Amino acid sequence: MSNQTVTMEVPPKKAGYGQAMAIISMLFFVFGFVTWLNGALIQFFEIVCELNVSQSLLVTFAFYLAYLFLSIPSSYILEKTGFKNGMSVGLGIIAIGSLVFIPAANARSYPMFLTGLFIQGGGLALLQTAVNPYASIIGPKESAAKRISIMGICNKVAGALAPIILGVILLSGAEELKGKIAAATDPVVKAGLLDNLASRVIGPYTVIAIVLLVLAFLLKKSSLPEIDTNEEDAATAAATVGKTSIFQFPHLLLGVLCIFVYVGVEVMAGDVIGSYGKSMGMSLDQTKYFTSFTLVAMLAGYIIGIITIPKYLSAQKSLLICAALGIVFTVMAYTKTGFSAVTCIALLGLANSLMWPAIFPMAIDGLGKFTKTGSALLVMGIVGGAVLPQIYSGMFNKQSMFSFLYSPNIDFRHAFLYCMLPCYLYILFYAVIGHKIGKKQLVTA
């Protein structure tokens with residue numbers, strides 16, 4: 001009898017549904033935390049780089065502009081790397097963007113800060129192009145909105161914590177320091193105060209970069225299962241027969257525009273709420289926490305979504321209700337003043353909460369082998385977060401890049417109404433009609 005030992009190669013164990021959901025939830029937490037730091041950064045850069053409102057809103061412009069340029073390339077990267085490795089690469093890119101903040105702070109260079117934000121946005125474009133369809137496809141289609149709502153809780157918990165944590169670190173005693181900077185007559189003393197304030201950003205962003213790199217390594221080594229979006233069930237295969245281009249899916253294209261306006265209103269409600277409050281005379285020590293109020297309202301909405309979808313509400317009905325709430329709270333914010341107006345803007349977080357979980361699965365439904373490209377187009381729509389705040393500031397600020405929209409008869413309250421109301425009306429249209437356009441032909445083909 002031979003004493004030779006026979007060895008068998010054991011295939012790597014794949015993560016189960018629960019473990020996969022836990023990993024994806026962690027990723028949603030990461031990009032929620034990084035994204036919603038912008039609300040505190042806007043007010044921080046206004047002081048450090050001596051900016052006006054329009055200039056400070058370039059934070060959202062640079063960050064979300066990356067989605068426009070890098071979402072389609074992200075789909076090609078995912079074709080080569082697969083979803084899991086693509087997510088890992090995305091985390092690494094966000095880490096690189098975070099590290100750019102170190103030389104930017106040392107030089108107190110706003111363009112360099114914006115470069116770091118653009119790189120972060122590029123990493124998030126790749127991460128979101130992978131994560132969102134993964135969350136939609138990994139389980140039953142009818143509960144996709146519910147799964148994304150669960151992910152949204154992680155995202156918005158991170159989003160609520162991010163401006164509070166960064167606000168405490170960056171903007172502690174900000175109102176007093178702002179007064180000292182304004183009172184400084186010696187340019188050297190003033191520059192020293194600004195340099196000291198700018199250096200506050202180095203520590204937190206160094207920590208963020210290290211954490212992201214560790215997560216990227218752990219994700220690459222994880223047992224997260226790969227999914228194949230090129231595999232189609234019978235119904236989807238029938239729906240995509242004869243389709244040669246992503247542009248042959250009208251419900252997707254209308255969904256891209258819906259994502260565009262949705263992210264625009266979400267960023268307005270979350271990142272602009274602070275400057276809106278300051279425009280009404282509120283102090284920086286108060287307004288630095290306003291973004292968190294919006295995120296808490298969104299968190300409440302996600303919890304409602306988990307309870308009600310799909311048992312009591314379909315994704316389509318939840319989107320319809322949210323759009324209607326958005327219209328109501330926008331009008332109320334316009335008619336109110338002071339903290340009542342700020343409260344209405346924060347409540348837009350509730351209205352916005354179930355929009356992404358509804359729009360994304362509805363828009364990629366039936367795409368089959370076109371899912372990666374369709375997901376990339378939808379993620380590209382996130383550029384609405386760059387455009388809408390600039391349109392808003394352009395209406396009442398001559399120094400905005402959208403100054404051609406300026407009118408002396410428009411103040412920040414009117415501008416907010418004119419930006420937000422049409423967006424919610426379009427979302428309502430998509431909920432009622434838009435998501436069905438072209439679907440009949442797809443099903444009966």
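Okay, let's start with a crossing: helices H2 and H9 cross in a left-handed way, where left-handed means that the near helix is turned anticlockwise from the far one by less than a right angle, and clockwise would be right-handed. Helices here are DSSP runs of H or I with at least four residues, numbered from the N terminus.

Quick caveat before I go on: this is a predicted model, so local features need pLDDT of at least 70 and side-chain atom pairs count only at pLDDT 80 or more, while totals for chains, interfaces and linings use all residues. Residues are numbered from 1 along each chain as its sequence is written, and side-chain values use heavy atoms, with hydrogens and water left out.

Back to the helix pair. H2 covers residues 38–48 and H9 covers residues 187–198, and they pack at an angle of about 155° with their axes 9 Å apart. The axes are lines fitted to C-alpha atoms over the stretch in contact, and angles run from 0 to 180 degrees between N-to-C directions. That makes H2 and H9 roughly antiparallel, the label for anything over 145 degrees.

Who makes the contact? On the H2 side you've got Phe44, Ile47 and Val48, and on the H9 side Leu194, Leu197 and Ala198, with contact meaning heavy atoms within 4.5 Å. By class, that's 6 nonpolar residues, no polar and no charged ones; Ala, Val, Leu, Ile and Phe are among the nonpolar set.

Now for charges. How many salt bridges does a search of the whole structure find? It finds 4, a salt bridge being a side-chain nitrogen of Lys or Arg within 4 Å of a carboxyl oxygen of Asp or Glu.

One of them pairs Lys278 with Glu46, with the closest N and O atoms 2.5 Å apart. Lys278 sits in helix H13 (residues 273–279) and Glu46 in H2, so this pair ties together parts that are 232 residues apart in sequence. Glu46 is buried, at 13% relative accessibility; the cut-offs are under 20% for buried, over 50% for exposed, and partly exposed in between, using a 1.4 Å probe and protein chains only.

Then there's Glu50 with Lys190, closest N and O atoms 3.0 Å apart. Glu50 is in the loop between H2 and helix H3 (53–56) and Lys190 is in H9, so here the parts tied together are 140 residues apart in sequence. Glu50 is partly exposed at 45%, and Lys190 is partly exposed at 27%.

Last one from me: Lys180 and Glu176 meet at 3.8 Å, N to O. They're 4 residues apart in helix H8 (residues 174–183), about one helical turn. Lys180 is partly exposed at 47%, whereas Glu176 is exposed at 56%.

Note on methods
Helices (H or I, at least four residues) and strands (E, at least two) are DSSP runs, numbered from the N terminus. Angles under 35 degrees count as roughly parallel, over 145 as roughly antiparallel, 65 to 115 as roughly perpendicular and the rest as oblique.
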